[in-house]
Amino acid sequence: MRSIWNGAISFGLVSIPIKLVNATESHSISFRQIHTEDGGRIRYRKFCELEDREVTQGEIGKGYEDADGTIIPITEEDLSSLPLPTAKTIEIVAFVPADRIDPLQMDAAYYLQAGGAPAAKPYTLLREALKRSNKVAIAKFALRGRERLGMLRVVGEAIAMHGLLWPDEVRAPEGLAPDSHVTVRDQELDLADALMDTLGEVDLEDLHDEYREAVEEVIAAKAAGEAPPQAPEPATGGKVLDLMAALESSVRAARESRGEEAEHAEVKSLPQRKTARAAPKQTGGKKSTSTAKKTAAKKTTAAKKSTAKSGQGQGQGTTKKAASKSTAKKTTAKKSASRKRTA
């Protein structure tokens, strides 16, 4: 890897020659500006406003514009001879616990490579000291025309340095939090915890830039004269009115995506919210029993009435027959009594 800066680490009275190497690289796809009518490249040319002509890169230098518009030329020699100890040195100023560094301050990352055999022993000493102390080193260094803060830490068997923003370069998050007072219930926190546990951890090596892959597919299709792939229709979700229901659905979907059965999802059942379209409430056991008895009584009464009406004609005939039999029995009984008296 090509170094972008050569200097030394100042560790007390110990000086460690090092080379600064970029620790990251960009894989983003870059585009050119073109004339949409004919596809011609759009280029920017640098003109001197006094001579009204195009100038080459070798003719371009740096200058500082004063308040009255005067340009003060600044050469590379002026910058290289600045009276700063950090011009060619990464000066370690303190060792602090890693959690003292706000991630908002972190900027670009670099690897520090030992500059030759003489640097191997002090380089290894600093690396092992950082390992054993579980601390990071805070340093100051100058790069690309300005002094910067840096954080040195161990990555594998190498020392990495993260550029840090100065504290006054980090904005305070004032006015960004919700203005109104919001109360979060314990049930909502429990479901949020369940969702976090379900999503679990992820191996960062498995993550990749899907946007870049999609752009590459579009470029390949247009280069082959084919129609670019169409984006799928976005899911049309309704407006979320119930946070609890949304959390429950999220937990269920996350577990299903991991191949877990939904029946094993330990999600607490919650009471349904009252809405205009809610189903009628179920009554309690006693009320249901009383209602059932009343209904059965009504059905029995109705059945008796129906039977009485349907058999009204037959009932009259049956009554006459019963009366006739009763009269016959009484007559027979009188005759028997008369015979006994005569005898």
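1. Setting aside neighbours within four places in sequence, Val-136 is in contact with Ala-94, Phe-95, Val-96, Pro-97, Ala-98, Ile-101, Leu-130, Met-151, Leu-152 and Arg-153. The residue itself sits in strand β9, which covers residues 135-143. Val-136 counts as buried because its relative accessibility is 5%, where the cut-off for that class is under 20%. Val-154 is also worth a look: 18 residues separate it from Val-136 in sequence, and the C-alpha to C-alpha distance between the two is 8.2 Å. Please keep in mind throughout that this is a predicted model.

2. Now for the overall picture. The protein has 7 helices and 11 strands. Its chain of 343 residues has 16% that count as buried. Among contacts with a separation of 6 or more, 58% are between residues 24 or more positions apart.

3. Phe-11 and Phe-95 are its members, arranged edge-to-face, with 5.9 Å from centre to centre and 65 degrees between the planes. Because Phe-11 belongs to strand β1 (residues 3-11) and Phe-95 to strand β7 (residues 89-97), the pair ties together parts that are 84 residues apart in sequence.

4. Helix α3 (residues 186-199) and helix α5 (residues 243-257) have axes that come within 9 Å and cross at roughly 20 degrees. That angle makes α3 roughly parallel to α5, since angles under 35 degrees fall in that class. As for handedness, the crossing of α3 and α5 is left-handed. From α3, the contact is made by Gln-187, Glu-188, Leu-191, Ala-192, Ala-194, Leu-195, Thr-198 and Leu-199. From α5, the contributors are Leu-243, Met-244, Leu-247, Glu-248, Ser-250, Val-251, Ala-254 and Arg-255. By type, the residues of this contact divide into 10 nonpolar, 3 polar and 3 charged.

5. Two backbone angles deserve a glance as well. Asp-52 has a positive phi of about 55 degrees, although it is not a glycine. You will find Asp-52 in the loop between β3 (47-48) and β4 (53-54). With 61% relative accessibility, Asp-52 counts as exposed.

6. The other backbone angle belongs to Asn-134, a residue other than glycine whose phi is positive and near 55 degrees. Asn-134 is placed in the loop between α2 (120-133) and β9. Is this residue buried or exposed? Asn-134 is exposed, as its relative accessible area is 65%. That brings us back to strand β9, where Val-136 lies, and Val-136 is buried at 5% relative accessibility.

Note on methods: Residues are numbered from 1 along each chain as its sequence is written. This is a predicted model: local features need pLDDT of at least 70, side-chain atom pairs count only at pLDDT 80 or more; totals for chains, interfaces and linings use all residues. Side-chain values use heavy atoms; hydrogens and water are left out. Axes are lines fitted to C-alpha atoms, for helices over the stretch in contact, and angles run from 0 to 180 degrees between N-to-C directions. Helices (H or I, at least four residues) and strands (E, at least two) are DSSP runs, numbered from the N terminus. Angles under 35 degrees count as roughly parallel, over 145 as roughly antiparallel, 65 to 115 as roughly perpendicular and the rest as oblique. A crossing is left-handed if the near helix is turned anticlockwise from the far one by less than a right angle, and right-handed if clockwise. Contact means heavy atoms within 4.5 Å. Ala, Val, Leu, Ile, Met, Phe, Trp, Tyr, Cys and Pro count as nonpolar, Asp, Glu, Lys and Arg as charged, and the others, Gly among them, as polar. Buried means under 20% relative accessible area, exposed over 50%, partly exposed in between (1.4 Å probe, protein chains only). Rings of Phe, Tyr and Trp (its six-membered ring) pair if their centres lie within 6.5 Å; planes under 30 degrees apart count as stacked, over 60 as edge-to-face and the rest as tilted.
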